[in-house]
Amino acid sequence: MASSIFKGLAGIMQGKISKELVKKYKDEGMDLIDAITKGNQDANKIVAGRKLDFLKTKFDDTNVYSDDYVKLIDEEIKLNDPELFKDIRQFERNGRPELADKMRALRHPEWAAANFGEDYMSVLQNRQVQGINKIMEKIDPNMQERSLVDDIDDMNKANIDDLFGKRRKNADGGLAKILEV
């Protein structure tokens with residue numbers, strides 16, 4: 001799905017570019033499968049390059065303090081580093097916007113300095129600590145984590161109870177109970 005940022009931008013129809021390149025490569029004598037592969041790869045590069053060039057002009061025309069600037073940052077990251085973009089989206093979905101901002105700051109320090117000050121990394125680290133503290137507040141302090149040792153102790157206690165007849169493994173009744181009557 002094309003982003004609304006690129007709506008109306010000429011020359012970014014990847015299918016059309018790919019089709020033209022495949023035809024060109026086939027006409028040059030390239031095998032069909034190789035022509036399709038190379039055409040798709042080259043079309044991806046061409047479209048990404050055009051989008052990045054467009055974003056560069058948009059950065060200059062957009063207020064660095066606005067949400068639109070953050071959208072431009074995210075589009076640039078999506079084009080250049082899709083895995084980092086996925087991480088940013090995951091941080092936001094998990095309620096950790098401070099981590100998303102920290103990732104953006106690593107790619108766009110001019111945005112971070114404008115929004116958080118020259119010492120933006122310290123500010124973002126403090127926000128990260130505050131986020132962790134909020135999460136920690138939600139954790140019940142009385143909850144104790146069970147360990148492997150706790151589980152082994154429970155198994156040993158059950159085995160000792162069996163040995164000394166403190167409890168019976170099977171329920172009272174059934175066919176044996178009926179036959180006794």
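**View 1. Helix H5 against helix H7.** The axes of helix H5 (residues 97–107) and helix H7 (residues 120–138) come within 9 Å and cross at roughly 160°. Helices (H or I, at least four residues) are DSSP runs numbered from the N terminus; axes are lines fitted to C-alpha atoms over the stretch in contact, and angles run from 0 to 180 degrees between N-to-C directions. The model is predicted: local features need pLDDT of at least 70 and side-chain atom pairs count only at pLDDT 80 or more, while totals for chains, interfaces and linings use all residues. Residues are numbered from 1 along each chain as its sequence is written, and side-chain values use heavy atoms, with hydrogens and water left out. H5 and H7 are therefore roughly antiparallel (angles over 145 degrees). The crossing of H5 over H7 is left-handed (the near helix is turned anticlockwise from the far one by less than a right angle). In contact (heavy atoms within 4.5 Å) are Pro-97, Glu-98, Leu-99, Asp-101, Lys-102, Ala-105 and Leu-106 of H5 with Tyr-120, Met-121, Leu-124, Gln-125, Arg-127, Gln-128 and Gly-131 of H7. These comprise 7 nonpolar, 3 polar and 4 charged residues (Ala, Val, Leu, Ile, Met, Phe, Trp, Tyr, Cys and Pro count as nonpolar, Asp, Glu, Lys and Arg as charged, and the others, Gly among them, as polar).

**View 2. Helix H4 against helix H5.** Helix H4 (residues 82–93) packs on H5 at an angle of about 155°, with the axes 7 Å apart. That makes the pair roughly antiparallel. H4 passes H5 in a left-handed crossing. From H4, the contact takes in Leu-84, Ile-88, Arg-89, Phe-91 and Glu-92; from H5, Pro-97, Leu-99, Ala-100, Met-103, Arg-104 and Arg-107. By class there are 7 nonpolar, no polar and 4 charged residues.

**View 3. Helix H3 against helix H4.** The axes of helix H3 (residues 67–80) and H4 lie 5 Å apart, at an angle of about 135°. H3 and H4 are therefore oblique to each other. Asp-74, Ile-77, Lys-78 and Asn-80 of H3 meet Pro-82, Leu-84, Phe-85, Ile-88 and Arg-89 of H4. The contact has 5 nonpolar, 1 polar and 3 charged residues.

**View 4. The largest pocket.** The volume of the largest pocket is about 160 Å³. Its lining consists of Gly-95, Arg-96, Glu-98, Arg-127, Gln-130, Gly-131, Lys-134, Ile-135 and Lys-138. A pocket here is an open set of points on a 1 Å grid over the protein atoms alone, where a 1.4 Å probe fits, with protein on both sides within 12 Å along at least five of seven lines; lining residues have an atom within 4 Å of a point. H7 supplies the largest share of the lining, 6 residues. The lining divides into 1 nonpolar, 3 polar and 5 charged residues.

How values were computed: Helix = DSSP H or I, 4+ residues; strand = E, 2+ residues; numbered from the N terminus. Parallel < 35°, antiparallel > 145°, perpendicular 65-115°, else oblique. Points joined across faces, edges and corners; volume = space filled by probe spheres on them.
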